[in-house]
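Student: I have a structure open and I'd like to learn how to read it. Can we go through some features together?
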Protein chains: 2
Amino acid sequence: MVIGKNIPRVDAVDKVTGRARYTQDFAMPGLLRTRLVRSTVANGLVTSIDTEKAKAVPGVVAVFTCFDVPQHPFPTAGHPWSVDPKHQDISDRLLLNRRVRYYGDEVAVVVAKDEISAKRGAALVHIEYETYPPVFEPEDALAPEATPLHPEVRENNVIVKSSYKVGDGDFDDLARETDLVHVQGTYETQVVQHCHIELPVSRAYLEEGKIIIISSTQIPHIMRRVCAQALGCDIGKIRIIKPYIGGGFGNKQDVLYEPLNAWLVQQLQRPVEVFISREETFTSTRTRHAIRAHLDTYVRDDGRLIGRRYIGYANNGGYASHGHAISANCANEYRMLYQDEQMLEGTAYTIYTNRPAAGAMRGYGIPQACFIMESHMDDLAHRIHMDPVAFRRKNMMKLGYVDPGTTITCHSTKLDECLDIGMKYIGWTDKRTRYGHDRGVVRRGVGMAMFCYKTGVYPIALETATARMILNQDGSIQLQTGATEIGQGAATVFAQMTAETLGISVERIHVVQTQDTDTAPFDTGAYASRQSYVSGMAVKKTALSMKQKILAYCERLTTQPADTLDIRADAVVTKADGALVVSMEELAMNAMYSLSDTEHITANETAHCKDNTYSFGATFAEIEVDIALGKIKVIDIINVHDSGIIINPAMAAGQVHGGMSMGLGYVLGEDYIYDEQGKQLNDNLLYYKILTAMDHPNLHHAFAECNDPTAPYGNKSLGEPPTLTVAPAIRNALLHATGVAVNSLPLNPQRLVPAFDTLRKEMAHV
Amino acid sequence: MVIGKNIPRVDAVDKVTGRARYTQDFAMPGLLRTRLVRSTVANGLVTSIDTEKAKAVPGVVAVFTCFDVPQHPFPTAGHPWSVDPKHQDISDRLLLNRRVRYYGDEVAVVVAKDEISAKRGAALVHIEYETYPPVFEPEDALAPEATPLHPEVRENNVIVKSSYKVGDGDFDDLARETDLVHVQGTYETQVVQHCHIELPVSRAYLEEGKIIIISSTQIPHIMRRVCAQALGCDIGKIRIIKPYIGGGFGNKQDVLYEPLNAWLVQQLQRPVEVFISREETFTSTRTRHAIRAHLDTYVRDDGRLIGRRYIGYANNGGYASHGHAISANCANEYRMLYQDEQMLEGTAYTIYTNRPAAGAMRGYGIPQACFIMESHMDDLAHRIHMDPVAFRRKNMMKLGYVDPGTTITCHSTKLDECLDIGMKYIGWTDKRTRYGHDRGVVRRGVGMAMFCYKTGVYPIALETATARMILNQDGSIQLQTGATEIGQGAATVFAQMTAETLGISVERIHVVQTQDTDTAPFDTGAYASRQSYVSGMAVKKTALSMKQKILAYCERLTTQPADTLDIRADAVVTKADGALVVSMEELAMNAMYSLSDTEHITANETAHCKDNTYSFGATFAEIEVDIALGKIKVIDIINVHDSGIIINPAMAAGQVHGGMSMGLGYVLGEDYIYDEQGKQLNDNLLYYKILTAMDHPNLHHAFAECNDPTAPYGNKSLGEPPTLTVAPAIRNALLHATGVAVNSLPLNPQRLVPAFDTLRKEMAHV
């Protein structure tokens with residue numbers, strides 16, 4: 001068994017020794033640098049651009065503006081394409097924009113021999129605008145007088161509105177049922193950013209009749225298709241190479257500036273880098289959607305949910321990017337995790353505004369859903385004086401649940417056990433009783449929140465993956481996937497899966513670390529916590545095919561029937577008694593060099609995944625809050641996960657801790673601050689506060705394992721879930737500690753000090 | 001039909017724009033440089049090395065000597081490995097040598113931060129030797145008192161001796177048959193070098209737990225295996241990347257300094273380049289074997305060959321490299337091209353001497369065989385007063401010939417037509433009559449020579465190849481081979497083959513230009529003019545498999561039975577009437593993105609080739625010779641080739657002209673000149689004279705095409721043949737012009753002036 005073992009990361013040595021090569025380590029003689037010229041208005045139309053001064057700067061090679069670029073609208077979302085036009089992503093992008101839709105929108109680009117000349121040139125590009133009143137919030141954007149930001153694709157600023165209804169009857173009729181408690185609430189989440197270490201960067205050049213782009217991306221195969229759409233050229237003429245990457249967290253599940261990079265190379269016929277600074281990454285790549293939701297719930301005093309209504313608005317910023325998928329995902333979570341006795345209604349809006357474009361970020365709408373829903377659940381439990389865990393257990397998804405919206409089925413669940421473990425760890429029963437009655441300036445509370453999370457995107461979108469294996473002469477295996485290692489440990493996990501199924505030692509599985517669309521098998525990439533499940537299916541299928549081919553060759557070599565043979569510990573053995581038939585090395589040398597019968601044994605299999613499964617989990621947190629300062633200190637925190645079988649517990653722990661850290665930043669302080677023109681004021685890591693190592697409490701985790709029957713190795717999603725429930729657990733602990741329900745993020749002093757006004761007055765009275 | 005069309009080279013734009021990246025274009029931060037310290041004695045033993053001064057040079061990082069390197073003897077020949085130890089190449093190499101075997105042998109290596117420091121360091125390494133009398137010629141090496149150069153593998157200096165005999169009886173008994181003419185002759189060829197433009201170079205680094213070597217090589221997969229043997233590590237731990245290369249001509253069919261490079265990286269854990277200068281390339285890579293042969297022939301005066309005997313000695317220099325294969329190949333050609341009425345005997349020796357190691361070079365022993373044999377054939381024809389062409393026609397290989405030594409069969413031949421075309425072009429009949437009677441100082445003559453040439457190495461060694469194809473979304477194809485483009489046009493030819501079999505336009509076949517052993521299919525590489533035949537079989541098999549998969553997918557997509565469908569002009573059509581079923585692009589988009597049925601269509605097939613076939617051809621030349629100056633001027637020259645179907649006539653013409661140029665250098669002037677210590681005196685392109693563009697006559701060519709039944713596309717070997725018969729054709733034209741038979745190469749003034757002594761005396765008498 002290699003599954004379940006703490007195999008060291010296959011890329012560990014490369015990364016700790018600095019040998020791992022990232023995009024900017026690929027040196028190219030004569031590489032040109034670029035600087036984008038960005039709009040200084042949030043809503044407007046470029047009327048003229050003067051590039052003469054910029055072009056006169058020594059070192060400047062070219063200046064291109066929105067008037068120069070091709071007019072092929074393209075989408076940027078890291079979604080598999082659809083052959084059905086109705087399901088295709090919204091093509092609302094051009095390489096440079098005359099119609100600017102947020103402060104920082106790209107209008108022109110200066111290409112120069114070095115960065116300094118490019119910056120100097122960019123500073124001298126003079127742009128004239130016709131300006132329109134900016135619409136920053138969904139409400140503004142929906143106002144009748146609001147300018148439609150994308151009239152070419154949408155009449156007004158609603159990207160999509162979608163609704164669902166479960167159960168019969170009219171929701172408002174529930175008001176007449178007198179035994180029901182009616183609770184309403186509005187909850188809202190802020191804009192945050194991924195803050196991956198490696199900034200978005202690509203280097204492109206021409207070779208082999210193609211535009212070749214080395215890019216720090218999660219989705220090389222999708223990027224290839226999008227670049228072709230943007231340039232209006234054949235997909236086969238684009239080649240994407242994804243080397244090691246320094247994090248993505250969903251920002252690199254979008255196609256950012258690679259189409260522009262490709263076009264610049266095409267124009268200049270020289271290698272060009274497009275490097276996006278930290279400041280630009282904040283303002284002009286992607287963010288986590290701010291979502292505001294209005295919830296209406298009828299609950300019986302025994303704790304049973306009777307009917308709920310969700311109306312949510314997602315602020316998508318100036319471009320569609322992942323479009324409605326995130327807001328819809330958020331609304332769906334509200335349906336999936338709890339089931340109501342009578343009915344549930346949901347409506348999700350996704351709205352264009354003059355903000356930076358929101359896109360994919362770890363959790364893909366579910367951190368928002370969890371904050372909204374799990375805050376509300378505590379508000380409900382609080383209102384009916386019920387223990388929040390008991391309240392949730394009563395209403396939560398059970399084994400066998402089939403989601404009416406998606407047909408996704410609960411094939412396995414250890415959610416109950418997750419709750420048990422979390423309660424025990426945090427001392428729930430004791431502390432829920434002891435805490436919550438303090439009247440001092442520093443008060444303690446415990447809170448929790450839970451989630452369900454899909455594994456991949458089926459059936460909402462396509463799930464398909466291919467893996468490829470090659471037998472080396474020494475009996476070792478080359479494993480090549482289109483799935484991408486983005487720091488999450490995919491390569492190591494795939495090596496373990498291959499070793500497990502093939503009976504070859506894991507250290508003899510060599511994983512090709514680069515995804516090169518010219519040679520890598522197709523896979524849509526790293527997102528939706530899909531790879532260990534969907535790409536894992538491809539790895540397993542390929543390993544099984546590989547095993548069959550190896551044993552078939554062994555039959556030709558030894559005349560022993562293949563179906564009597566097995567591979568164990570790097571050798572072909574008899575199934576019956578494990579007797580050595582031939583070592584893998586000897587077999588491989590023959591397969592490669594036999595004069596009578598060579599076969600360069602490889603396998604390549606596509607897994608078209610038509611299933612999905614839920615993972616589950618919960619966060620339990622104990623906090624201390626200073627009423628005077630409005631400051632929360634996290635005393636203890638644990639994430640408990642049911643992600644099926646854990647392939648590599650040490651790496652899984654790393655994922656959990658990283659996600660918890662991201663969740664802590666989300667709840668405690670991260671936020672975008674703008675001026676009234678829409679310019680972000682904290683577009684850097686000095687003013688935008690992510691947690692440092694010193695800011696973290698100790699992070700704890702536990703796994704409640706189960707063997708999911710649909711999964712290749714019993715495994716379910718784990719990459720994104722750890723970040724989902726930290727914020728609501730802490731918000732709920734705050735409610736427990738203080739009785740104050742804070743419904744918008746982050747829970748920083750700026751928000752808490754006014755929220756504690758009443759408390760402070762009470763304290764003054766004492 | 002794409003076969004037979006002048007498709008532009010797929011790498012043309014990359015090469016003429018300078019975009020094509022060669023080994024040294026792969027920049028690596030912190031790359032260390034090296035300088036080898038070479039022996040200044042031709043035969044000796046290193047007794048001590050002082051590296052202190054070298055280590056003290058600023059910038060020098062390390063100095064390694066023959067006392068430091070691992071003791072894993074390894075072979076260097078670019079041969080497929082054999083699982084049978086009896087057929088494995090001779091492992092007589094170490095990374096650095098204490099026992100030095102030629103002037104220039106590698107004893108130590110200085111590694112430094114830059115080239116200048118490395119050179120400074122190398123100059124300060126002090127080596128003490130115990131010296132032995134050098135043996136430069138086979139005769140010296142075979143003398144009883146000669147030191148055995150490789151006692152670890154051979155008792156004396158005979159690497160291999162091999163003999164064959166065809167027919168019965170005792171050769172010497174032929175002397176008693178009084179109606180036979182007996183002709184003897186000794187012919188000898190000189191040492192020449194490949195003079196590829198790009199010097200041998202590799203850059204190695206560590207990543208992915210492997211030693212990765214970017215190398216200018218013809219044989220990446222073989223190099224991988226040899227490096228592993230040299231380091232005593234698993235083959236799977238070595239990765240070779242072959243980018244564009246600037247020529248090889250067989251020198252890069254040997255593994256040169258890559259094992260040393262790999263070991264240096266392993267020792268220093270930093271990237272290292274090993275770059276071999278032009279001077280070192282001459283002295284310390286590989287050369288074309290000097291072969292001396294003694295021929296004895298009995299011929300009837302009607303022109304029928306009755307019996308022949310060949311005894312040849314190949315000077316292999318200090319290391320086995322390709323060992324006996326070249327000398328044996330030379331002797332085999334003597335058997336194959338002509339058949340004798342009674343008998344034929346051949347004995348080939350390959351001898352270690354204290355010369356630079358001889359190895360593979362375009363033609364692999366056959367340029368030597370052709371000079372030896374075809375000079376002799378003209379001497380025979382001259383002696384019996386028969387037209388040399390008529391004489392050859394009487395004795396040459398006919399359709400259906402089965403070689404008794406190898407079983408290689410003459411499946412197709414247009415040799416007769418080649419001779420017809422050549423005779424007509426050069427005005428043979430007329431000029432053979434008109435010329436040859438001059439008595440002036442400048443005389444003219446016409447001469448010819450012909451050859452047969454195998455296609456690949458079966459059954460002498462393994463022939464196996466795999467190709468891989470991937471369907472892109474736009475209906476274009478990625479073609480990946482382990483076979484290597486080394487300038488000969490392989491990539492273009494494979495694209496044409498793929499297009500032909502798949503029915504997809506050739507411009508939509510994207511050939512992966514880099515062979516990376518981590519992902520490329522296995523293939524032994526570029527040598528033996530094998531790739532268009534053997535790797536072509538793999539391409540065809542893979543294309544057929546690909547077509548089947550595409551049509552099977554089409555059946556699933558359209559329900560039309562696959563066996564009623566065909567692919568033509570980038571679309572699936574009905575076989576019956578060519579009606580459009582679906583474009584390749586639409587099919588590919590569905591295969592990639594269909595929600596119901598995706599298959600990332602790829603194919604990967606191994607062709608284990610168990611056949612071989614002969615190509616044929618001839619050179620006809622007209623020369624003018626200045627008796628006083630000893631100078632030959634080539635007036636007109638044509639090569640006529642039967643290489644089966646010509647896949648790309650324009651590229652084939654390029655091959656022919658290049659080969660003829662090499663042949664002209666061979667006959668007119670190239671030679672190694674040594675001092676008595678064994679130091680080469682002309683180890684540079686100033687003193688070693690290859691022909692410049694100005695030195696060339698116009699080069700003419702013609703093809704006599706035929707469809708070889710064993711070949712994938714009717715094609716036979718063409719890469720090497722053009723260089724084979726230029727030298728003997730010119731030597732024979734000289735014989736015609738002057739009546740003087742010159743039996744050793746090159747035919748330069750130094751050799752011709754003394755050869756014309758008698759003529760000049762005759763002229764003085766007139």
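Student: At roughly what angle do the axes of helix 8 and helix 9 of chain A cross?

Tutor: They cross at roughly 35°, and the axes come within 8 Å. Helix 8 covers residues 325-336 and helix 9 covers residues 366-383.

Student: Which residues make the contact between helix 8 and helix 9 of chain A?

Tutor: From helix 8 of chain A, look for Ile326(A), Asn329(A), Cys330(A), Glu333(A) and Tyr334(A). Helix 9 of chain A brings several residues, including Ile366(A), Ala369(A), Met373(A) and His376(A). Sorted by class, this contact has eight nonpolar, three polar and one charged residues.

Student: How is helix 9 of chain A placed against helix 10 of chain A, and at roughly what angle do they cross?

Tutor: Here the axes come within 9 Å and cross at roughly 110°. An angle from 65 to 115 degrees counts as roughly perpendicular, so helix 9 of chain A is roughly perpendicular to helix 10 of chain A.

Student: Which residues meet there, in helix 9 and helix 10 of chain A?

Tutor: Glu374(A), Met377(A), Asp378(A), Leu380(A) and Ala381(A) of helix 9 meet Pro388(A), Phe391(A) and Arg392(A) of helix 10. That contact divides into five nonpolar, no polar and three charged residues.

Student: Now chain B. What is the angle between helix 5 and helix 6 there?

Tutor: Helix 5 of chain B (residues 220-231) and helix 6 of chain B (residues 258-268) pack at about 55°, with axes 9 Å apart. The two helices are therefore oblique to each other. Their crossing is right-handed. In helix 5 of chain B, Met223(B), Val226(B), Cys227(B), Ala230(B) and Leu231(B) take part in the contact, and among their partners in helix 6 of chain B are Pro259(B), Ala262(B) and Trp263(B). By class, the contact residues are eight nonpolar, one polar and one charged.

Student: How are chain A and chain B related by a turn and a shift?

Tutor: Chain B can be laid on chain A by a turn of 180° with a shift of 0.0 Å along the axis, and the RMSD is 0.1 Å. That is the relation of a two-fold axis. In chain B, the residue that comes closest to the rotation axis is Ala27(B), whose C-alpha is at 2.8 Å. Also, 100% of the interface residues of chain B are interface residues in chain A too, so the copies meet through the same surface.

Student: What should I look for in the backbone?

Tutor: Most residues other than glycine have a negative phi, and most peptide bonds are trans. Now for some exceptions. Phe249(A) has a positive phi, near 55°, and sits in the loop between strand 11 and helix 6 of chain A. The peptide bond from Tyr458(A) to Pro459(A) is cis, with omega near 0°.

Student: Where is Pro459(A)?

Tutor: Pro459(A) is in the loop between strand 16 and strand 17 of chain A. In chain B, a cis peptide bond joins Tyr458(B) and Pro459(B), and Pro459(B) lies in the loop between strand 16 and strand 17 of chain B.

Student: What pLDDT does chain A average?

Tutor: Where pLDDT is low, the predicted coordinates should not be read in detail. Chain A averages 97, and 100% of its residues score at least 70. For the model, ipTM is 0.95 and pTM is 0.96.

Notes
Residues numbered from 1 in each chain as written. Chains lettered and ligands numbered in written order. Predicted model: local features only at pLDDT ≥ 70, side-chain atom pairs only at ≥ 80, totals over all residues. Heavy atoms only, no water. Axes fitted to C-alpha atoms, helices over the stretch in contact; angles between N-to-C directions. Helix = DSSP H or I, 4+ residues; strand = E, 2+ residues; numbered from the N terminus. Parallel < 35°, antiparallel > 145°, perpendicular 65-115°, else oblique. Left-handed = near helix turned anticlockwise from the far one by under 90°. Contact = heavy atoms within 4.5 Å. Nonpolar A, V, L, I, M, F, W, Y, C, P; charged D, E, K, R; others polar. pLDDT = per-residue confidence, 0-100. Least-squares fit on C-alpha atoms with pLDDT ≥ 70 in both.
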